[in-house]
Amino acid sequence: PSAVIVAIDGPSGTGKSSTSKAVAAKLGLRYLDTGAQYRAITWWMITNGIDTDDPHAIAVAAGKPGIVSGTDPAAPTITVDGLDASGPIRTQEVTSKVSAVSAVPEVRTLITELQRSIAASAEGGIVVEGRDIGTTVLPDADLKIFLTASPEARAARRSGELRGKEATDLAATKEALIKRDAADSGRKTSPLAKAGDAVEVDTTELTLDQVIECVVTLVEEKR
Ligand code: C5P
């Protein structure tokens, strides 16, 4: 089978990460979590005292952190200046600030270049998940998937993931998630959007296994 490039986009809580990792593992492809990269740069900004409400300060600092993504779907990693950042990038503080940081054009330019070089060097193909992969990062991807789900389903999944890690309640999770998606969809530079040639999959009534099966079938048709 030839190397395939698969772009999987959609809002939070649609099962993008679980689906992308499983599809990549099943088909022997590499895997890139682009949200983790935006979270990593946000974590670095917070740690280094950069005001995340100041787009100019963010733009000036954008090139400083060294972000490296490991692309094994069984054990994806992310390091910032050589430090493992996989835990710290998932805190509520990072989640609440990542949309502001990722909206800064200088940040997007740098991260987009990084993503393109990772995809280009992934022998055998790669699944890249995010918000603007099909529209901006990899417009020539072999397959583009856009995952959706009702706000209720997305909030329920997200709070299920958070349970045990941090205190959450469903209403607050739903509100935060809707706010983040609105910010991601409303920003000027490469907003969250479905590419014209993307296949839309509504996951509201589907189990994770059904979504994985559906995407695997679509990828196999392209190989
Ligand atoms: O996917 P995840 O929820 O980890 O993404 C975190 C944030 O990173 C998103 O809310 C969005 O602000 C940003 N992001 C982005 N473009 C991508 C992937 C993520 O702007 N391709």
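What is the orientation of α2 and α5 to each other? In this predicted model, helix α2 (residues 34-47) packs with helix α5 (residues 105-120) at an angle of about 135 degrees, and their axes are 11 Å apart. Because angles over 145 degrees count as roughly antiparallel and those from 65 to 115 as roughly perpendicular, α2 and α5 are oblique to each other. The crossing of α2 and α5 is right-handed. On the α2 side the contact is made by Thr34, Gln37, Tyr38 and Ile41, which meet Val107, Ile111, Leu114 and Gln115 of α5. In the contact of α2 with α5, 5 of the residues are nonpolar and 3 are polar, with no charged residues.

The second topic is strand β1. Of the 6 residues in β1 (residues 4-9), 5 are buried, so the strand is largely enclosed by the rest of the structure. Strand β1 pairs with β6 (residues 125-130) in the parallel sense through 6 bridges, and it also pairs with β7 (residues 143-148), again in the parallel sense, over 4 bridges. The table sets out these two pairings, with one residue pair for each.

| Partner of β1 | Sense | Bridges | Residue pair |
|---|---|---|---|
| β7 (residues 143-148) | parallel | 4 bridges | Ala7 with Lys144 |

How values were computed
Residues are numbered from 1 along each chain as its sequence is written. This is a predicted model: local features need pLDDT of at least 70, side-chain atom pairs count only at pLDDT 80 or more; totals for chains, interfaces and linings use all residues. Axes are lines fitted to C-alpha atoms, for helices over the stretch in contact, and angles run from 0 to 180 degrees between N-to-C directions. Helices (H or I, at least four residues) and strands (E, at least two) are DSSP runs, numbered from the N terminus. Angles under 35 degrees count as roughly parallel, over 145 as roughly antiparallel, 65 to 115 as roughly perpendicular and the rest as oblique. A crossing is left-handed if the near helix is turned anticlockwise from the far one by less than a right angle, and right-handed if clockwise. Two residues are in contact if their C-beta atoms, placed from the backbone, lie within 7 Å. Ala, Val, Leu, Ile, Met, Phe, Trp, Tyr, Cys and Pro count as nonpolar, Asp, Glu, Lys and Arg as charged, and the others, Gly among them, as polar. A residue is buried if 20 or more other C-beta atoms lie within 10 Å of its own, exposed if 12 or fewer, and partly exposed in between; C-beta atoms are placed from the backbone. Two strands pair if DSSP finds at least two bridges between them.
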